[in-house]
Amino acid sequence: MANKYVGYFTNGLVKENPTLRLVLGTCPTLAVTTAAINGIGMGLSATLVLVCSNLAISLLRNVIPDKVRIPAFITIIAGFVSVVQMLVKAFLPSIDKALGIYLPLIVVNCIILARAEMFASKNKPLPSILDGLGMGIGFTAVLTLMGAIRELFGAGSLFSFPVTANFISPMIIFLLPPGGFFVFGMLVAASNAIAKKNGKKAVEKMGCENCPAKDSCGQEECVKEETGDE
Amino acid sequence: MNSLTAIASILLAAILTNNMVLSKFLGICPFLGVSKKTNTAFSMSVAVILVMVVATAVTWPIYHLVLAPKYTYLETIVFILVIAAIVQLIEIVLKRYIKPVYNALGIYLPLITTNCAVLGITMLNITNELGFVESLFNALGAGVGFMLAMLLFSGVRERLETADIPEFMKGLPITLVAAALVSLSFLGFAGIGG
């Protein structure tokens with residue numbers, strides 16, 4: 001019994017890591033990871049929203065009519081995002097400044113909608129909380145790692161402490177948009193290589209194609225068109 | 001004349017220097033997911049441009065006439081709901097009155113609700129304190145910039161299909177590295193119109 005609950009939690013950490021295995025929520029992954037601390041800030045904000053929205057949706061799962069579930073989920077998520085936005089603004093103004101517009105954009109982060117649709121709307125509150133927590137921490141870990149790599153190469157520091165800045169001149173390109181795409185590409189390559197060693201498949205699809213909730217937001221037909229079997 | 005140059009510089013900045021996808025990282029999902037074929041990329045972008053401009057035309061007055069200054073904290077929740085409603089409305093209107101356009105764009109419309117580029121541009125217009133007309137042109141420019149990035153990248157990806165790539169880089173990693181190079185070329189526009 002206890003094992004099952006541990007499974008709900010660990011699922012999002014490695015096996016179905018939202019960023020590296022499902023490749024969801026790529027926008028914030030690329031945009032805010034110019035420093036490790038921003039990665040943590042973004043990751044924890046998203047985790048908080050994810051846990052709260054999973055809990056609320058799980059509690060309301062028998063109340064929300066099937067036909068309007070997506071708008072209902074989005075409204076619930078938007079409510080929690082507004083709460084987090086105000087909390088961050090009040091207590092962590094520097095993080096609020098660094099995350100800027102990407103903080104309210106958690107609303108359209110597909111990880112959260114995907115977990116609502118795939119998990120919370122079908123499971124009891126406790127597993128939903130654990131699932132949200134696992135997914136959120138998996139997301140935070142990758143964001144922090146990516147932020148750390150970009151900060152180390154791009155500014156020569158780690159969590160704002162100078163590391164190599166004094167003897168190697170920093171490569172600013174890592175802090176600029178191309179660096180984001182490049183580091184993310186390398187991380188996915190590394191995660192694919194590790195997955196392959198463990199007998200798992202590499203990530204093949206990308207973007208919305210991978211989203212488990214794609215059927216409900218109309219992506220299904222889009223993917224069909226894309227792969228050419230019209 | 002002065003306002004014309006102002007609008008031209010907004011358009012130029014939105015298309016090139018502040019490109020939605022390549023420098024602001026908004027709309028990455030469709031950028032990676034729907035850019036395999038040029039014609040699909042084109043239709044998707046047209047739908048995005050349409051929704052962006054209409055969404056801005058609706059959300060800007062709502063923010064400035066209804067929400068500001070007291071209820072600005074409702075921005076997120078109101079905007080996403082308005083965008084969801086607009087997308088539905090556009091879908092219904094197109095289906096009823098302009099069937100050929102609906103057939104071409106219809107399947108992309110539901111996706112656009114959760115496209116962060118649309119919510120992003122409506123919010124950026126507010127944070128950057130742009131006027132109504134400026135906001136509309138900014139949205140138009142952002143949409144065109146999205147299209148430019150999609151089309152350029154779909155061309156790159158068609159070449160990638162036949163390229164000889166090391167095993168571990170195949171698929172998503174090489175696509176991201178290619179995106180890095182396209183984005184690098186857009187850095188060259190920094191300074192224009194800014």
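Predicted model: local features only at pLDDT ≥ 70, side-chain atom pairs only at ≥ 80, totals over all residues.

Residues are numbered from 1 along each chain as its sequence is written.

Helix α3 of chain A covers residues 36-59; helices here are DSSP runs of H or I with at least four residues. At 1.5 Å times one less than the number of residues, its 24 residues should span 34 Å, and the 35 Å between its end C-alpha atoms agrees with this. Because 17 of these 24 residues are buried, α3(A) is largely enclosed by the rest of the structure. Buried means under 20% relative accessible area, exposed over 50% and partly exposed in between, with a 1.4 Å probe and protein chains only.

At the interface, 47 residues of chain A contact 48 residues of chain B (heavy atoms within 4.5 Å). Chain A and chain B bury about 4100 Å² between them, 76% of it on carbon and sulfur atoms; this is the accessible area (1.4 Å probe) lost on being put together, summed over both parts. The elements giving two or more residues to the side of chain A that touches chain B are α2 (26-31), α4 (69-91), α6 (110-120), α8 (177-197) and α9 (219-227). The largest share, 11 residues, comes from α8(A).

Finally, M118(A) lies in helix α6 of chain A. This residue counts as partly exposed, because its relative accessibility is 30%.

Note on methods:
Chains lettered and ligands numbered in written order. Heavy atoms only, no water. Buried area = accessible area lost by both parts, 1.4 Å probe.
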